[in-house]
Amino acid sequence: MLPLTVTTCRLLALAAALALGTAAAIYLARPKAPAPAKPAPSALLETPLTPPSPVNVPKVTSPNPAAPPPPLPADLAPLQEKTTYRADTAATEVFRRAFWREPAPADRILQAERREWVGERDGVRRWQWFIILDPGPDLAAWLREKNPFGLAPAAPADLRLDAASQPAWFPAEVAALPEVDCFQSSDGAMVLLREKAGGRLYVSDRGHGFAAAPPPSVPVSNGPGLIPGREQPLRIPGDVRRENP
């Protein structure tokens with residue numbers, strides 16, 4: 001190969017520079033792609049926003065509607081007027097209104113419930129109460145010796161126990177209990193079952209309404225803790241209807 005002269009090298013360098021410049025000019029002169037148009041503000045506002053899907057969020061369900069009142073016992077006359085149903089499970093208050101006296105510390109109330117159907121004009125129109133308790137010695141002696149409710153011994157088959165109209169915790173039949181003595185009022189509405197071994201009581205009563213008892217003129221002495229002048233159950237002929245008169 002022949003050696004390159006100085007002049008030849010200069011020409012080659014000039015040709016390379018011209019070629020590079022031509023390529024740069026062609027690159028800069030190419031058409032540019034249009035930039036994407038930005039959406040108008042109104043378009044941004046009109047675009048619906050999709051909220052993110054919740055993850056592991058428990059469903060909130062509405063509470064169940066209030067349960068209807070329980071049925072009346074079959075031996076109570078049906079209601080012919082509009083009434084409001086209310087129930088009370090405050091053990092002390094149910095005890096007071098059942099036995100007309102204050103519970104003593106030795107009285108152990110296991111279950112208690114009072115039910116009332118209240119009329120718009122005449123107050124309490126129907127009522128029931130149920131109690132299971134271990135009586136203290138004073139209450140046991142008062143019920144046994146004073147017999148303030150006029151209870152008489154009864155055969156189990158004569159008792160009015162109605163599972164459909166009483167709490168599930170109250171016995172629906174005597175056979176479900178240990179050996180018991182059975183008592184009931186003359187109209188059959190009040191029932192008292194007493195376990196022979198431990199003395200536990202299962203007591204219930206029901207009726208049509210109430211008559212306010214007048215305050216006694218002299219202090220009563222029917223037992224400690226008695227509440228004189230308390231509202232007494234309405235006991236009139238035909239108050240509680242017998243199924244088999």
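This is a predicted model: local features need pLDDT of at least 70, side-chain atom pairs count only at pLDDT 80 or more; totals for chains, interfaces and linings use all residues.
1. Is Phe-170 buried or exposed? Phe-170 counts as buried, at 3% relative accessibility.

2. Now the overall layout. The chain has four helices and nine strands. From the N terminus on, the elements run α-α-β-α-β-β-α-β-β-β-β-β-β. Of the 245 residues in the chain, 31% are buried. Take the contacts with a separation of 6 or more: residues 24 or more positions apart account for 65% of them.

3. Next, the sheet. Seven strands form an open sheet with antiparallel pairing. The order is E1-E2-E3-E7-E6-E5-E4. The edge strands are E1 (83–88) and E4 (152–153), and each pairs on one side only. As background, strands of a sheet pair through backbone hydrogen bonds, either parallel or antiparallel.

4. E1 and strand E2 (residues 108–119) run antiparallel and are joined by six bridges.

5. E3 is joined to E7 by seven bridges, and the two run antiparallel. E6 pairs with E7 over four bridges, also in the antiparallel sense.

6. How many residues of E7 are buried? Seven of the seven are, so E7 is largely enclosed by the rest of the structure. In a regular strand the side chains alternate between the two faces of the sheet. Here Leu-201, Val-203, Asp-205 and Gly-207 point one way from E7. Tyr-202, Ser-204 and Arg-206 point the other way. Both sets are buried.

7. Asp-205 is buried, with a relative accessible area of 4%. What does its side chain reach? The side chain of Asp-205 reaches the backbone nitrogen of Met-190, at 3.4 Å.

8. Strand E6 (residues 191–195) comes next. Four of its five residues are buried, so E6 is largely enclosed by the rest of the structure. Five bridges join strand E5 (residues 180–184) to E6, and the two run antiparallel. Within that pairing, Phe-183 has Leu-192 of E6 as its bridge partner.

9. The hairpin of E5 and E6 has six residues between the strands. There, Gly-188 takes a positive phi near 80 degrees. The hairpin of E6 and E7 has five residues between the strands. In this one, Gly-199 takes a positive phi near 85 degrees.

10. Last, the aromatics. A search of the whole structure finds eight aromatic pairs. Trp-169 and Phe-170 form an edge-to-face pair, 6.1 Å centre to centre and with 70 degrees between the planes. Edge-to-face applies because planes over 60 degrees apart count that way. Elsewhere, one aromatic cluster is formed by Phe-95, Phe-99, Trp-100, Trp-129, Trp-142 and Phe-149. Trp-142 also has a charged neighbour: the charged end of Arg-101 sits over its ring, 4.4 Å from the centre.

Technical notes
Residues are numbered from 1 along each chain as its sequence is written. Side-chain values use heavy atoms; hydrogens and water are left out. Rings of Phe, Tyr and Trp (its six-membered ring) pair if their centres lie within 6.5 Å; planes under 30 degrees apart count as stacked, over 60 as edge-to-face and the rest as tilted. Buried means under 20% relative accessible area, exposed over 50%, partly exposed in between (1.4 Å probe, protein chains only). A charge sits over a ring if NZ of Lys or CZ of Arg is within 6 Å of the ring centre and within 35 degrees of the ring normal. Two strands pair if DSSP finds at least two bridges between them. A polar contact is a pair of N or O atoms within 3.5 Å; within protein, one must be able to donate a hydrogen and the other to accept it, and residues adjacent in sequence count only if both atoms are side-chain atoms. Contact means heavy atoms within 4.5 Å.
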